[in-house]
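Let's take a friendly walk through this protein together. Have the sequence and the 3D view open as you read.

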Amino acid sequence: MAVDIVMPQMGESIFEGTITKWLKKPGDKVERDEPLFEISTDKVDAEIPSPSAGVLKEIKVSEGQTVPIQTVVGVIDATGGAAATAPAPAPPSPAPAKAAAPAAKPAAASAPPAARPAAVTPSVPAPGAAPHAKDGGRIHSSPLVRRMAKEHGIDLSTVQGTGAGGRISKQDIEALLAGGGAAEPQGEMYAPAAPPAAPAAVSRPAPPPVAPAPVAAAGAPAVHGSQYVPALQLGVPRERLYFGNYEVQPLSVMRQKIAEHMIASKHVSPHVYSVDEIDMSKVAALRAKSKDEFEKRYETKLTFMPFFVKAAVAGLRAYPTLNASLDGTSIVLHKEINIGIAVALDWGLIVPVVKNADEKNILGIQRNLNDLAERARSKKLRPEEVQEGTFSITNPGVFGGLFGLPVISQPNVGILGLGAIEKRPVVINDSIAIRSMCYVTLSYDHRVVDGAIAHQFLHKVKETLENWSEPLL
């Protein structure tokens, strides 16, 4: 019996996924729930288990391809026998049903022309017509589609998506451009599209190849589906990009997503940075005294991160403007405190979220952190575990960094960066003393947060850590 392997839906707002690696090859035996392939989406990388035991009969979608959810990506022979060479015959049907099949073809053939006008609808809806995206709702589209819309000045809220769940696809944008619905590119990231001044679309050169080596002719299509425009397109001569010994590697899907999110964050949020220094001596002494007993009693290691999470919670309670998001001209103040913690991976970076951090003690936060970090590195995170963060913390200090200026994780308005905890000479009561010191940096969105609030927040974090009083055991 043949069992279809489908691209799963990894969350309500996700309608496509990219297969990054097949863990089995055709002819391999697989067990039910054994990891079969790896996927990458807008939210999370994950291993997808086999839906059935048997033999992997066929791979329909190769590595690097992005397909909509519910697409059949492979087939398993659940009987464990040799792969069949022909599809199973259809069940017998009465003679009249055979005659109905040819009659259905003209109807099917007429479907594309009927669907085409929907994709090339002018960007300004007709009077009285409902907008294509629900008022205030999220427009379902990929980063590539949003980039194309930005480049051509297209307002995605006026585009009718033909993908799953009304998702706007690359084909929808291309059809709109082919129909002359594109406006001149806008200088702002989310500038609304103006009505087209001429029926012809603006002519643009195709992007040059990204990989492999640059010997391909200019204007060739991008390799591996990458849409990143190299410096060559910006006027840098090719010989200044490729010289001497070099190796050209395509960006991984995760690396592309990180790049897209960071560029979007810099475009959206005017970043401002505030730095403070915290005396961690009291916390360091308490941790050194308690960590062995803590690990023995609770079977989990005690790190510094739970202390910073608790201090951030205290700061967010005192200054809720930093536990917020911006929605147009409204500030959304979140009642829950969900803190995203950046986790470094061998292949990139991911930010799982400690939900309701304000309701957890040191032990609860530490166990939650260890579990999320372990499953992030083994690609076992669920989509909801990287969503709904209201504030973020990143820790470059674990790699020895003195301090950094992190980029805000959208749609948050702040992120706390932690430097290395190291002993330094400081002046205390007019005397020089050795203390365990740590620089902390707050990156914040100046549209929402002013410098006064940012420094008061940092002072609260500092005060909480320097006067720590919560018992650990």
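How many nonpolar, polar and charged residues does the lining of the largest cavity have? Keep in mind that you are looking at a predicted model. The lining has 7 nonpolar and 3 charged residues, with no polar ones. The count of cavities of 30 Å³ or more comes to 1, and the space in the largest cavity is about 30 Å³. Its lining is made up of 10 residues, and those nearest the centre are Asp45, Ile350, Ala376, Lys379 and Leu381.

Stay with Lys379 for a moment. This lysine sits in the loop between helix 8 (362–377) and strand 16.

The peptide bond that joins glutamine 410 to proline 411 is cis, and its omega is near 5 degrees.

Now turn to a pair of helices. Two packed helices are described by the angle between their axes and the distance between the axes. Helix 7 (residues 305–318) and helix 9 (residues 451–466) have axes that come within 8 Å and cross at roughly 135 degrees. Because angles over 145 degrees would count as roughly antiparallel, helix 7 is oblique to helix 9. The crossing is right-handed. On the helix 7 side, the contact includes Phe307, Phe308 and Leu316, while helix 9 contributes residues including Phe457, Lys460 and Val461. By class, this contact has 10 nonpolar, 2 polar and 1 charged residues.

Key:
Residues are numbered from 1 along each chain as its sequence is written. This is a predicted model: local features need pLDDT of at least 70, side-chain atom pairs count only at pLDDT 80 or more; totals for chains, interfaces and linings use all residues. Side-chain values use heavy atoms; hydrogens and water are left out. On a 1 Å grid over the protein atoms alone, a cavity is a set of points where a 1.4 Å probe fits but cannot get out, and a pocket is an open set with protein on both sides within 12 Å along at least five of seven lines; lining residues have an atom within 4 Å of a point. Grid points are joined across faces, edges and corners, and a volume is the space filled by probe spheres set on the points. Ala, Val, Leu, Ile, Met, Phe, Trp, Tyr, Cys and Pro count as nonpolar, Asp, Glu, Lys and Arg as charged, and the others, Gly among them, as polar. Axes are lines fitted to C-alpha atoms, for helices over the stretch in contact, and angles run from 0 to 180 degrees between N-to-C directions. Helices (H or I, at least four residues) and strands (E, at least two) are DSSP runs, numbered from the N terminus. Angles under 35 degrees count as roughly parallel, over 145 as roughly antiparallel, 65 to 115 as roughly perpendicular and the rest as oblique. A crossing is left-handed if the near helix is turned anticlockwise from the far one by less than a right angle, and right-handed if clockwise. Contact means heavy atoms within 4.5 Å.
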